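Walk through this structure one contact at a time. Start where the chains meet, then turn to pairs within chains.

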Amino acid sequence: MEINKKIGEALNSIKNKKPLVHHITNYVTINDCANITLALGGSPIMAEEKKEVEEMVSIVSALVLNIGELSERIVESMIIAGKKANELNIPVILDPVAVGATKYRSSVIKKFIKEIKFAVIRGNVSEIKAIAGIEGKTRGVDACSEDTLSKEENLIKAKKLAEELSKKLKTVIAITGEVDIISNGDKTYFIENGTELLSKVTGTGCMCTSLIGNYCGANKNYLLGALSGVATMGIAGEIAKENMLKKDAGIGTFKVELMDAIYKFSLKDIENRGNIYEK
Amino acid sequence: MEINKKIGEALNSIKNKKPLVHHITNYVTINDCANITLALGGSPIMAEEKKEVEEMVSIVSALVLNIGELSERIVESMIIAGKKANELNIPVILDPVAVGATKYRSSVIKKFIKEIKFAVIRGNVSEIKAIAGIEGKTRGVDACSEDTLSKEENLIKAKKLAEELSKKLKTVIAITGEVDIISNGDKTYFIENGTELLSKVTGTGCMCTSLIGNYCGANKNYLLGALSGVATMGIAGEIAKENMLKKDAGIGTFKVELMDAIYKFSLKDIENRGNIYEK
Amino acid sequence: MEINKKIGEALNSIKNKKPLVHHITNYVTINDCANITLALGGSPIMAEEKKEVEEMVSIVSALVLNIGELSERIVESMIIAGKKANELNIPVILDPVAVGATKYRSSVIKKFIKEIKFAVIRGNVSEIKAIAGIEGKTRGVDACSEDTLSKEENLIKAKKLAEELSKKLKTVIAITGEVDIISNGDKTYFIENGTELLSKVTGTGCMCTSLIGNYCGANKNYLLGALSGVATMGIAGEIAKENMLKKDAGIGTFKVELMDAIYKFSLKDIENRGNIYEK
């Protein structure tokens with residue numbers, strides 16, 4: 001399929017360009033984000049001191065902001081770095097971890113959206129819903145992932161949410177879950193790859209956002225970047241699960257296999273396993 | 001044995017309830033603590049910004065405070081979170097890493113004990129001894145783990161230390177070591193599981209405390225929670241060691257196998273290997 | 001060879017003395033630095049709060065300062081700890097990560113060099129070049145690793161850089177790369193071990209510096225300490241690569257194998273594989 005081939009080309013451009021991906025991120029998964037960047041073919045930089053983030057961001061290909069663990073100091077650095085990246089036309093990718101869980105997180109995201117233009121925002125459905133809520137009611141907001149709705153109905157509502165928020169914020173929205181939805185407001189893709197085991201390792205969401213940062217750092221098509229990052233994580237998860245099961249092992253082995261699968265990831269994996277379609 | 005069955009039931013309640021376990025902890029082992037929580041069946045939250053910890057702690061089942069790496073900022077957040085948890089009757093588990101090594105750590109623990117009521121405190125014998133010392137001389141304090149005493153004599157003294165401190169602070173005390181001692185002042189258990197290899201991976205103490213947090217989050221019996229967490233770590237360590245030796249591997253493999261063993265941990269493991277007795 | 005035997009003896013002294021190695025380091029690789037210290041036979045301490053670093057450093061055998069992630073708070077603690085270590089004649093090892101990339105990093109290193117005496121500084125050629133640049137032009141500075149020069153010519157220039165900076169700062173300089181150069185100004189060694197895969201895992205530079213910290217904590221010969229740390233990392237990398245390839249695995253497995261190789265590291269490995277020579 002056409003889209004598989006495009007993801008394969010995006011992957012090759014990472015291998016060729018080795019994009020520098022600047023992360024300002026949480027300390028829970030910072031090591032994994034650096035390692036998955038290296039495994040895919042990029043190069044990580046994790047500087048966060050406000051005195052140096054502008055200079056650092058000036059030499060990179062993409063900036064990933066992840067709010068997994070917040071502090072006043074980090075929020076300030078994120079805004080400085082994000083604005084500088086915007087100025088230099090460097091893509092900024094946002095992972096709004098647990099936004100909606102506390103008022104503080106919501107206020108931080110509100111400020112971010114006011115100050116920074118994002119190339120991609122990746123979150124689960126409740127995080128994306130929370131952002132839409134912060135930004136005022138949209139029709140999709142209060143209606144997705146309801147227990148009373150069928151899976152199909154929930155997907156339709158989540159699609160609407162992604163599309164509306166995407167148009168409103170002029171960014172690509174990636175909602176990851178059992179089925180992933182990636183939209184630039186105009187075109188919307190669904191991905192049916194992945195495994196429940198990805199939710200049994202901390203930071204697979206953060207790592208997915210890092211992968212998107214790598215793709216967006218190497219290619220200026222951010223819809224393709226988001227799509228490629230999410231598809232890569234899902235497919236690598238499937239491979240890791242199979243290898244784990246072959247060894248009759250557990251979740252520690254799964255994480256090692258996940259890194260191995262990202263390191264070896266190729267067009268063939270995408271062609272063999274990719275379940276990606278426009279809808 | 002009765003106690004094995006109870007631990008098995010406690011384990012099942014984690015799998016069923018998936019307790020949210022809020023950690024404010026050090027950055028050395030924060031990733032491992034999150035992953036071991038997921039592996040056992042709980043769900044980790046690692047927020048630490050004082051502006052949001054009260055709100056965060058309000059939605060969780062247990063709070064783990066670990067002083068491995070301290071800063072003024074973190075200490076302040078820990079106290080806010082701990083007090084809120086007390087207010088809401090959410091169990092607070094303390095890992096007093098390296099207390100006694102510096103005056104600063106002792107002063108922090110002194111403040112904690114004044115401000116926060118703990119469900120469980122888990123440490124090695126010198127940490128627990130240091131806490132008892134902070135709290136004024138008790139007969140057990142200056143007499144355990146002395147080189148001039150036999151192993152049996154040291155155990156008797158450590159048991160007395162655990163019991164006295166437990167009564168004084170109205171908390172469960174878990175002293176981990178070659179033989180683990182868990183006491184609520186009234187009942188005291190010994191556990192003879194584990195392997196020396198656990199001390200060759202950083203953070204197995206922190207991870208043990210996380211396991212206790214999971215058990216206490218799913219069951220209101222904190223003596224059983226401490227016992228179950230310590231026994232789980234010890235037995236998983238034994239399994240990991242055997243698997244490492246089978247592969248003729250080293251400590252990197254041991255850590256992966258440890259996560260695998262926690263992920264697969266079951267009543268059968270406890271029944272086959274548990275060496276837990278009241279004394 | 002004589003030098004292999006000396007490294008073997010240095011390794012044994014770590015196993016016997018179990019040196020406490022105090023790190024103030026970045027949060028990206030802090031877990032790996034603690035684990036590699038344990039794997040080699042030392043014992044890690046990662047305290048960084050200014051209120052306690054002086055007391056902490058007073059009980060350790062070596063201090064590792066790594067500027068991978070900076071903040072005002074950490075820089076202040078590093079200087080306090082470094083000065084105290086100097087006072088107590090405890091070796092201080094510096095990893096000047098990415099110095100030269102931002103003005104802030106250069107200013108921090110400038111301050112460090114003014115305030116602290118280092119036993120060893122380990123970096124890649126551009127980091128060491130940047131330090132030499134901060135310290136005023138030396139003949140080697142603006143001439144190493146130029147694309148127009150042959151590998152042999154670049155090595156000669158890097159050797160000159162190491163020797164001159166070593167004399168100037170009265171410290172051992174370790175430049176790691178395809179060929180490693182270790183000099184105390186008087187004697188200079190080359191090491192041709194290692195694998196390109198080491199650059200595909202985040203923090204192998206930081207971990208190498210930790211190994212040097214362990215060796216310097218157990219032996220007062222810092223040239224031998226730097227040499228042993230760098231050689232250990234390179235040789236362990238080769239072993240890990242072979243084991244990874246045997247399993248047809250990827251970079252996740254390589255990292256696990258690296259820890260295993262460090263854990264099992266022995267004189268035999270050095271004798272079988274060491275490619276270390278004075279030049």
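Across the interface of chain A and chain B there are 13 residue pairs in polar contact, both residues at pLDDT 80 or more. A polar contact is a pair of N or O atoms within 3.5 Å; within protein, one must be able to donate a hydrogen and the other to accept it, and residues adjacent in sequence count only if both atoms are side-chain atoms. On the side of chain A that touches chain B, α5 (103-115) and α10 (251-264) of chain A each supply at least two residues. The largest share, five residues, comes from α10(A). Helices here are DSSP runs of H or I with at least four residues, numbered from the N terminus. By class, this side of chain A has ten nonpolar, eight polar and eight charged residues. Ala, Val, Leu, Ile, Met, Phe, Trp, Tyr, Cys and Pro count as nonpolar, Asp, Glu, Lys and Arg as charged, and the others, Gly among them, as polar.

The model is predicted: local features need pLDDT of at least 70, side-chain atom pairs count only at pLDDT 80 or more, and totals for chains, interfaces and linings use all residues. Residues are numbered from 1 along each chain as its sequence is written, chains are lettered from A and ligands numbered from 1 in the order in which they are written, and side-chain values use heavy atoms, with hydrogens and water left out.

How many residues of each chain take part in the contact between chain A and chain B? Chain A brings 26 and chain B brings 21, with contact meaning heavy atoms within 4.5 Å. Together they bury about 2100 Å², 56% of it on carbon and sulfur atoms. Buried area is the accessible area (1.4 Å probe) that two parts lose on being put together, summed over both. Four salt bridges cross this interface. Each is a side-chain nitrogen of Lys or Arg within 4 Å of a carboxyl oxygen of Asp or Glu. One of them joins E72(A) to K51(B), with the closest N and O atoms 3.2 Å apart.

Now take chain C against chain A. Here 26 residues of chain C meet 21 residues of chain A. The buried area is about 2100 Å², and carbon and sulfur atoms give 56% of it. The count of salt bridges between chain C and chain A is four. In one of these, R105(C) meets E52(A) at 2.7 Å, N to O. On the side of chain C that touches chain A, α5 (103-115) and α10 (251-263) of chain C each supply at least two residues. α10(C) gives the most, with five residues.

Over all chains, the structure holds 54 salt bridges. One lies within chain B: E87(B) pairs with K84(B), closest N and O atoms 3.5 Å apart. The two are separated by about one helical turn because they are three residues apart in helix α4 (residues 72-87) of chain B.

Y27(A), Y27(B) and Y27(C) form one aromatic cluster. Over all chains there are six aromatic pairs. Rings of Phe, Tyr and Trp (its six-membered ring) pair if their centres lie within 6.5 Å; planes under 30 degrees apart count as stacked, over 60 as edge-to-face and the rest as tilted. The charged end of K279(A) sits over the ring of F190(A), 5.1 Å from its centre. K279(C) lies over the face of F190(C), 5.1 Å from the ring centre. A charge sits over a ring if NZ of Lys or CZ of Arg is within 6 Å of the ring centre and within 35 degrees of the ring normal.
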